[in-house]
Amino acid sequence: MASLQNSPAIHRTLFPNSFSQLGLQKHGQFRCCRRGVSLLVRAEQVSTTNREDGPGRRQVLAVGAIGSWVSLVNQTSISFAAETKKGFLAVMDKKDGYSFLYPFGWQEVVIDGQDKVFKDVIEPLESVSVNMIPTVKQDIRELGSPQEVAEALIKKVLAPPSQKTKLVEAVEHDVDGKAYYTFEFTVQAPNFTRHALSAITIGNGKFYTLTTGANERRWEKMKDKLHTVIDSFQIFNV
């Protein structure tokens, strides 16, 4: 597998020092993205100690999630959430041209540098986020193979540099003629490991990244839901 340094197209496209070479506009998303990851890490460290998944507590939180969902529908006309598959809600952003599903009960939160984030309020590492940056590229395959691009994103964008990462798998698939890369990886922090999935693609002059995941200790319980999230991600022309 080629290293990041041996993949010039990936390096120039994904990293801030060379944004201008490919017409990418430097708005600080990747730096903020890393801060976003750190925010979730800190939340996990504070929130998961000696915590039980009590059914009564989750029922109360589910009621709160319903209220948040109704508020979201009423407040914006460019994105909406609606139940589309049992246990999931759908988001469609008509301004930026993407849609995906997320598990019922997750709540929307604001994290600097992310376009949209939903997370479980009891298990903070269970979340989904969408990030975009402008690009002049037309197809994700112009950046390299799934393995090359995944390695670059994981090591330089999706995980803090101090944490150990491992790429489990990276594959390519097409949806309506549009190429997507999806990959599975782990990020090891001092006191926990996050098991995550990402989907990336290019369209509308943007490089899209959707990432979801969970604490390793809950991976077996959550992996089917997280794969549903990843498999649901699509972009459309706007």
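Tutor: Two strands pair if DSSP finds at least two bridges between them. Strands here are DSSP runs of E with at least two residues, helices are runs of H or I with at least four, and both are numbered from the N terminus. This is a predicted model, so local features need pLDDT of at least 70 and side-chain atom pairs count only at pLDDT 80 or more, while totals for chains, interfaces and linings use all residues. Residues are numbered from 1 along each chain as its sequence is written, and side-chain values use heavy atoms, with hydrogens and water left out.

Student: Over how many bridges do strand 7 and strand 8 pair?

Tutor: Strand 8 covers residues 178–188. Lys164 stands opposite Gln188 in strand 8. The two strands run in the antiparallel sense, and their bridges number 11.

Student: Which strands are the edge strands?

Tutor: Seven strands form an open, antiparallel sheet in the order 4-5-6-10-9-8-7. An edge strand pairs on one side only. That picks out strand 4 (107–109) and strand 7.

Student: How many degrees does the twist average from one strand to the next?

Tutor: Angles run from 0 to 180 degrees between N-to-C directions, and axes are lines fitted to C-alpha atoms, for helices over the stretch in contact. From one strand to the next, the average twist is 20 degrees.

Student: What is the bridge partner of Asn131 in strand 10?

Tutor: Strand 6 pairs with strand 5 over four antiparallel bridges. There, Val117 stands opposite Ser129. Strand 6 also pairs with strand 10, over eight antiparallel bridges. In strand 10, the partner of Asn131 is Thr209.

Student: How many residues of strand 6 are buried?

Tutor: Buried means under 20% relative accessible area, exposed means over 50%, and partly exposed lies in between (1.4 Å probe, protein chains only). Strand 6 is mostly covered. Of its eight residues, the buried ones number seven.

Student: At about how many degrees to strand 7 does helix 4 run?

Tutor: Contact means heavy atoms within 4.5 Å. Helix 4 lies across strand 7, strand 8, strand 9 and strand 10. Its buried residues include Val149, Leu153 and Val157. The angle to strand 7 is about 135 degrees.

Student: What distance does helix 4 span between its end C-alpha atoms?

Tutor: The expected span of a helix is 1.5 Å times one less than its number of residues. A straight helix of 13 residues would span 18 Å. Helix 4 spans only 15 Å.

Student: Which residue forms a salt bridge with Arg218?

Tutor: A salt bridge is a side-chain nitrogen of Lys or Arg within 4 Å of a carboxyl oxygen of Asp or Glu. The closest N and O atoms of this pair are 2.2 Å apart. The pair links distant parts of the chain, 92 residues apart. The partner of Arg218 is Glu126.

Student: Is Glu126 buried or exposed?

Tutor: Arg218 has a relative accessible area of 8% and is buried. Glu126 has 1% relative accessibility, so Glu126 counts as buried.

Student: Which residues are linked with Asp139 in a network of salt bridges?

Tutor: The side chains of Arg141 and Glu172 meet at 3.2 Å, N to O. Arg141 lies in the loop between strand 6 and helix 4 (146–158) and Glu172 in strand 7 (residues 164–175), so the pair ties together parts 31 residues apart in sequence. Arg141 is partly exposed at 40% relative accessibility. The residues linked with Asp139 are Arg141 and Glu172.

Student: How many salt bridges does a search of the whole structure find?

Tutor: Another pair is Lys116 with Glu108, the closest N and O atoms being 3.8 Å apart. Lys116 is buried at 8% relative accessible area, whereas Glu108 is partly exposed at 36%. For the whole structure, the count is nine.
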